[in-house]
Amino acid sequence: MTDTTDPRFAVLGARPGKIVAVHLSYGSRADQRGRRPAAPSYFFKPSSSLAPSGADIERPAGTELLAFEGEIALVIGEPARWVTPDAAWSHVASLTAANDFGLYDLRANDKGSNVRSKGGDGYTPLGPALIDARAVDPTDLRLRTWVDGELVQDDSTAGLIFPLTQIVADLSQHFTLETGDVILTGTPAGSSVVVPGQVVEVQVDAGPHSTGRLRTTVVQGDRAFDAAIGSLPAVDETQRTEAWGSAEAAAAAATDTGRSRATQPAPEPSPAPATDAMTPALREKLGRVPVAALSGQLRKRGLNDVTIDGVHPLTPGSRFVGTARTLRFVPHREDLFASHGGGQNAQKRAFDAVGEGEVIVIEARGETGSGTLGDILAIRAHARGAAAIVTDGGVRDAEAVAAVGIPVFTAGPHPAVLGRRHVPWETDVAVGCGGTTVEPGDILVGDGDGVIVIPPAIAEEVADAALAQEAEDAWIAEQVASGHPIEGLFPMNAHWRARYESEVTR
């Protein structure tokens, strides 16, 4: 029975009874995977996974490996049972472009059935147009896929290990292929991971005939899988390698922490924490004042708990001034890391959103048993014009991070990944870093003595007072260097104060 109201089945004109997909059928893909099957193997996809051209596909919260697979879809016309390869094509009514999306985070748990990993709503876009099978040669069909306009798959049915007619005939040995059934015939090399914001297009051509481009946009879902109901997403190097298409592609896409692969395009930066305190003039003043002098001025105003303790610059001589942009980690817990550690998590969002002159401040609870960032994230922050990164946790790839050129203040190097100790949790909230509270928009200054936090409301006052004190201390140092004793000079008594004021104001 036709369904003319549901857009998922518009291109077919009816809801198919079954969708059958081939695991591995192109020589280029088999070579990429390092295995060539002797016979085709299959899995089923639910008809509820169908989607029209132009639809979105959601990547579930807490996942990272949503991969596209451009394919040719065959639509059965005449029912087929025990047909030969020579007769098989006469049972195919039409063909169209398909995208066999899969979530590799769930693939291992499905053990080949792909029920969850490839059965999600919207995971089988078809269209936008059908090509009459009678008008084409099944051995001469061209399949292409683009991601964000870049051609990433380009192969033809001449490259199939198993011809389309063999696939139809083989399936007909096991069950009746009924009118309207859909066969997804496998994908060539080039399948890889896509992330929210990217657009995938698939097109099938046969001489002058074309399906047009099947367009799908990846969006981020806000719901995660529930561990109380079923198994959670789980990713290992095997799944990453197969999702990305090769070990080299997986390695190139790897982030430096958590191994969660940041090929994601940068999202629109989040609004910077509101602050009007950091003017160019104030930044210039603070850039001339040592942290020790600022500490003294803050102490005079009753603020003693404003130093981020236990952090040191990776590169000696590092110095920075900036406003805080915060990132909070919570202690590692397996289920929480599964739901919050993958994809465009809080850590990646923070580094993608940091603005010029801002400082990423990371709350790691003083836990130094893993890295909280590495060179890729440091490069991202540097490219966005961040002033510095401050973490009371560890840093991976410390030498590479130091070479990036952005000031990084850390509790020390550590080779382990983020997920050994932390779950990236939230951004732009008050955090506790190195024993002090840092709010978004607070002003931070760092040098060889450490890092200090200045409330924006008194920053100008503190900077002016510190500069004045620095000038006074420099004059005292000159007097001591010329042979005067410290007694009465440091601090200055009335005599020395009068002399100082006379000399500096004349």
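D100 is buried, at 0% relative accessibility, in this predicted model. That puts the residue well inside the 20% limit under which a side chain counts as buried. What does D100 pair with? The partner is K45, and the closest N and O atoms of this salt bridge sit 2.6 Å apart. K45 is buried as well, with a relative accessible area of 4%.

Turning to the salt bridges as a whole, the structure holds 28 of them. Side chains of opposite charge can pair when their charged atoms come close. Another such pair is R134 with D132, where the closest N and O atoms are 2.8 Å apart. Here R134 is exposed, having a relative accessible area of 74%, and D132 is partly exposed at 30%.

D154 and R142 also meet through their side chains, in a salt bridge of 2.8 Å from N to O. This pair links distant parts of the chain, with D154 in strand β11 (residues 150–156) and R142 in strand β10 (residues 142–147), 12 residues apart. Both ends are partly exposed: D154 has 40% relative accessibility, and R142 has a relative accessible area of 36%. D100 and K45 belong to one network with R29, E69 and K118, joined by salt bridges that share partners.

Helix α8 (residues 291–300) and helix α13 (residues 459–481) have axes that come within 9 Å and cross at roughly 120 degrees. Angles from 65 to 115 degrees would count as roughly perpendicular and those over 145 as roughly antiparallel, so α8 and α13 are oblique to each other. Their crossing is right-handed. Which residues make the contact? On the α8 side these are A293, L294, Q297, L298 and K300, and they meet V462, A465, A466, Q469 and E470 of α13. Sorted by class, the contact of α8 with α13 has six nonpolar residues, along with two polar and two charged ones.

Definitions and conventions:
Residues numbered from 1 in each chain as written. Predicted model: local features only at pLDDT ≥ 70, side-chain atom pairs only at ≥ 80, totals over all residues. Heavy atoms only, no water. Salt bridge = Lys/Arg side-chain N within 4 Å of Asp/Glu carboxyl O. Buried < 20%, exposed > 50% of the residue type's maximum accessible area, 1.4 Å probe, protein only. Helix = DSSP H or I, 4+ residues; strand = E, 2+ residues; numbered from the N terminus. Axes fitted to C-alpha atoms, helices over the stretch in contact; angles between N-to-C directions. Parallel < 35°, antiparallel > 145°, perpendicular 65-115°, else oblique. Left-handed = near helix turned anticlockwise from the far one by under 90°. Contact = heavy atoms within 4.5 Å. Nonpolar A, V, L, I, M, F, W, Y, C, P; charged D, E, K, R; others polar.
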